Amino acid sequence: EIQELTPLKDTLDVPVGVAIDSRETTGVASELLLRHFDQITGENYMKPEAWYDANGQFRPNPEAVALMDFAEANDLAVYGHVLVWHSQTPAFFFQAADGSPLTTSEGDKQILRDRLREHIFNVAEWLATEYGEFGGTNPLNAWDVVNEVVSDGSEYDDGLRRSEWYRILGEEFIDLSFQYADEAFNDVYAADGTDRPVTLFINDYNTEQSGKQGRYLALVERLLARGVPIDGVGHQFHVSLAMPVSALEQAIRTFADLPVTQVVTELDVTTGTPVSEALLIEQGYYYRDAFRVFRENIDELYSVTVWGLTDGRSWRSANGAPLLFDDAYQGKPAYFGAVDEE
Ligand code: XIL
């Protein structure tokens, strides 16, 4: 049984999302989800590797299909995560037919460009064919187009992560990812509209930290200057109690003057261990202050998503109870803070 609590989604003027897998689409977990959230992100089901069978053939991932059907049946929006990433991506993307690494020859670059384009178009085509018009019947109207492309350190002039994408194509892979996504979702599948009905985001972590934030800002400014069709900037916000909430606000303000929307994509707040009642209460105030920042900056935000429904399901659970609900589906102080109730 879930508690009769104020739905979190009723306290924010933008969609409130949660990352899930099939464990949250049935039973008590799904009841809790549907009470508090109006958007979902596939925690793993729409990542690059999820779309390929054992032979490396693209096919609609059955788990993504089930997620979309759950969203459709329950009137939830779906936030697409993620088209292009260095992680959870099939190794063959970056290999020649004989298994050797692609080189930086023009021929090999073109192979990777074609694979990138085909991947994005295959995903878009499946969504358009099965779920209808974007901005209409299709529940999925936003994508993290590229994820975690910024370097963690300051050692590179361009501030970009040295991934396989980068090694072969350089910064160009970022431009191409947005251009292909723009083409796939706009020109091809919504040719009548001037506004592309799918919002295209860049996404990264530690954007609340100054070094990474500076590199992120510089990249986004370069993309905008080149006319790359990027609509929004994502903040994962995987934080701990040691990170002041003012840093989250500062991150949002940093991008506020740019012609982009923003999104909180993966919020979680670890308490550290051992988890104590005092830490859970401190976490309650943290979530209260964070959601106050989101409400005060709501015009900047596309949606706010927490990275998991219940503590035990969090990828960071070992670092201490990061989410809003406990494993008995009860609201923690974090929940009461987020809705700003005592
Ligand atoms: C994590 C998932 O939560 C885990 O289940 C999976 O094993 C690894 O990926 N940044 C992202 C997310 O963009 O995709 C990651 O999700 C967490 C960090």
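The mean pLDDT of the chain in this predicted model is 96, and 97% of its residues reach 70 or more. The model also scores ipTM 0.99 and pTM 0.97.

The chain contains nine helices and nine strands. Its radius of gyration is 20 Å, close to the 20 Å that the globule rule gives for 342 residues, so the chain is as compact as a globular protein of that length. Along the principal axes, the C-alpha trace spans about 60 × 45 × 40 Å. Of the 342 residues, 47% count as buried, and among contacts between residues at least 6 apart in sequence, 74% join residues at least 24 apart.

The largest nonpolar core comprises 89 residues, and those with the most contacts inside it are Val145 and Ala181. Helix H5, which covers residues 172–188, supplies the largest share of this core, namely eight residues. When residues up to four places away in sequence are not counted, Val145 touches Leu83, Val84, Ser177, Phe178, Ala181, Leu200, Phe201 and Ile202.

Strand E4 (residues 140–147) runs parallel to E5 and is joined to it by five bridges, with Val146 standing opposite Ile202 of E5. Strand E5 also pairs in the parallel sense with strand E6 (residues 232–235), in this case over four bridges, and Phe201 stands opposite Gly232 of E6. Six of the six residues of E5 (residues 199–204) are buried, so this strand is largely enclosed by the rest of the structure. The burial extends to both faces of E5, with Thr199, Phe201 and Asn203 buried on one side and Leu200, Ile202 and Asp204 buried on the other.

The parallel pairing continues from E6 to strand E8, again over four bridges, where the bridge partner of His235 is Val264 in E8. Strand E7 (residues 238–240) likewise runs parallel to E8, to which it is joined by three bridges, and Ser240 stands opposite Thr270 in E8. Nine of the 10 residues of E8 (residues 261–270) are buried, so E8 is largely enclosed by the rest of the structure.

Among the helices, H3 (residues 106–131) has 26 residues and reaches 37 Å from its first C-alpha to its last, close to the 38 Å expected at 1.5 Å a residue. The buried residues of H3 are Leu112, Leu116, His119, Ile120, Val123, Ala124 and Leu127. An α-helix has 3.6 residues a turn, so residues three or four places apart point the same way. Just after H3, Gly132 takes a positive phi of about 85 degrees.

Most residues other than glycine have a negative phi, and most peptide bonds are trans. Against this background, a number of backbone features may be listed. A cis peptide bond, with omega of about 10 degrees, joins His81 and Val82, and Val82 has its place in strand E3 (residues 77–84). A cis peptide bond also joins Thr273 and Pro274, with omega of about -5 degrees; Pro274 is found in the loop between E8 and helix H8 (277–296).

Positive phi values occur at Phe237, where the angle is about 55 degrees, and at Tyr329, where the angle is about 65 degrees, although neither residue is a glycine. Phe237 is found in the loop between E6 and E7 and counts as buried because 25 C-beta neighbours lie inside 10 Å. Tyr329 is placed in the loop between strand E9 (301–306) and helix H9 (333–338) and is partly exposed, with 17 other C-beta atoms within 10 Å.

Arg23 lies in the loop between strand E1 (16–20) and helix H1 (27–36). With 13 C-beta neighbours inside 10 Å, Arg23 counts as partly exposed. Residues up to four places away in sequence being left aside, Arg23 touches Ala29 and Arg313. Arg23 and Val228 are 205 residues apart in sequence, and their C-alpha atoms are 37 Å apart in space.

Methods
Residues are numbered from 1 along each chain as its sequence is written. This is a predicted model: local features need pLDDT of at least 70, side-chain atom pairs count only at pLDDT 80 or more; totals for chains, interfaces and linings use all residues. Helices (H or I, at least four residues) and strands (E, at least two) are DSSP runs, numbered from the N terminus. The radius of gyration is taken over C-alpha atoms; the globule rule is 2.2 Å times the number of residues to the power 0.38. A residue is buried if 20 or more other C-beta atoms lie within 10 Å of its own, exposed if 12 or fewer, and partly exposed in between; C-beta atoms are placed from the backbone. Two residues are in contact if their C-beta atoms, placed from the backbone, lie within 7 Å. A nonpolar core is a set of buried Ala, Val, Leu, Ile, Met, Phe, Trp, Tyr and Cys residues joined through C-beta atoms within 7 Å. The expected span of a helix is 1.5 Å times one less than its number of residues. pLDDT is the predictor's confidence in each residue, from 0 to 100. Two strands pair if DSSP finds at least two bridges between them.
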